[in-house]
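Me: I am new to this structure. Please show me how to read a few of its features.

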Amino acid sequence: MTLTTSSMNARDVALNFRWSLHELLIDKPVRVFSTFSCGGGSTMGYRRAGFDVIGNVEIDKSINAMYVKNHHPKYNFNMDLRDFNKLNDLPDELYNLDILDGSPPCSTFSTLGQREKGWGVVKKFREGQKAQRLDDLFFVFIETVRKLRPKIVVAENVVGLLDGKAKGYVHEIIQGFHEANYQVQIFRLNAASMEVPQIRNRVFFIANNQGYSKLKLEFNYPPIYFGSVRSAHGIEGHSVQDKLVMEAKETDKNFSRLTSTGWGFSQKIVKDNEVCPCNDSHAAKFRLYDRKRFSNEDFINTQTFPQDYDFCGNKVSYVCGMSVPPNMMAHIALEIWRQWLKNVDFRKY
């Protein structure tokens, strides 16, 4: 297992946290297909790098509708990836992909979740979805790799996959790629060093079947502090948490000290002179600046989502928390272009 951590800038690329979808241009002949696409955090990263994301697979109806509204995919599959893998009438273009992307749902491997207790359990990932196992979805994704045979595969997951008993899954994943005749590297990266105003540690599996040399991903962009990206005003609330935050001190990073029972570890208190902690899909965040909740703009900016993104009525914090920060994926995509694809003769394909 090759595990690489970030250490320095790989190239001089500037990706502002404030940007818009209408600015995007396809300027590289790279075709990408996204699975477990959610709202398109990865998709927007590839698009910021100038790649052409031609389609997606997403199981959730409302999330998929949001993806379609914002990204207008040529090929859209609103279904379980297991069902997609059974299709026999896919367009030829999907069998000639440069990159297959996927972020298999990872809550069962999160250090904040049930971990081993949730492995093998059939449940609904969120309201409105069909019941399914979550811990085997990475292997379903590898079946998609076998089916479509893309040149490159990029898969993102939580770093909890590298800890404890979950390491057994990692070895099985590596074996799955090898059996499919792909060479795979594993990178542990922090979005905070990749022009994202958020501490977000994630693991990326990047594989290829073209015999490319080892990929090097090394990033050390300066941190972007919350005070430079937050909105002018937070959101007023009336819960117990909204009252407790008034008692917070500069040293408090969460609510654990403010409660008699110690609950509230996941509810973060964010300071202007610090990088925002990881956005997740459920826990609340508060600003020490005005002792109010994060605004939608705060979530959008710390996730590097575009300013003109249409959430179609979906909860902004949920969509952002479930997504790969576009700037994070954009830097990875630009390095794949620079190191692997820049000199490829695409006319042969």
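Predicted model: local features only at pLDDT ≥ 70, side-chain atom pairs only at ≥ 80, totals over all residues.

Me: How many bridges join strand β12 to β13?
Reply: Strands of a sheet pair through backbone hydrogen bonds, either parallel or antiparallel. Here 2 bridges join β12 (residues 285-287) to β13, and the two run antiparallel. Two strands pair if DSSP finds at least two bridges between them. Strands (E, at least two residues) and helices (H or I, at least four) are DSSP runs, numbered from the N terminus. F286 stands opposite R293 in β13.

Me: What is the order of the strands in the open sheet?
Reply: The order is β11-β12-β13, with mixed pairing. β11 (268-270) and β13 (292-293) stand at the edges with a single partner strand each, so one side of each has no neighbour in the sheet.

Me: What pLDDT does the chain average?
Reply: pLDDT is the predictor's confidence in each residue, from 0 to 100. The chain averages 89, and 86% of the residues score at least 70. Over residues 4-11 the pLDDT is below 50. That stretch still has 28 contacts (heavy atoms within 4.5 Å) beyond near neighbours in sequence.

Me: Which residues of α1 meet α2?
Reply: T43, M44 and R47 in α1 meet Y67, N70 and H71 in α2. By class, this contact has 2 nonpolar (Ala, Val, Leu, Ile, Met, Phe, Trp, Tyr, Cys, Pro), 3 polar (the others, Gly among them) and 1 charged (Asp, Glu, Lys, Arg) residues.

Conventions:
Residues numbered from 1 in each chain as written. Heavy atoms only, no water.
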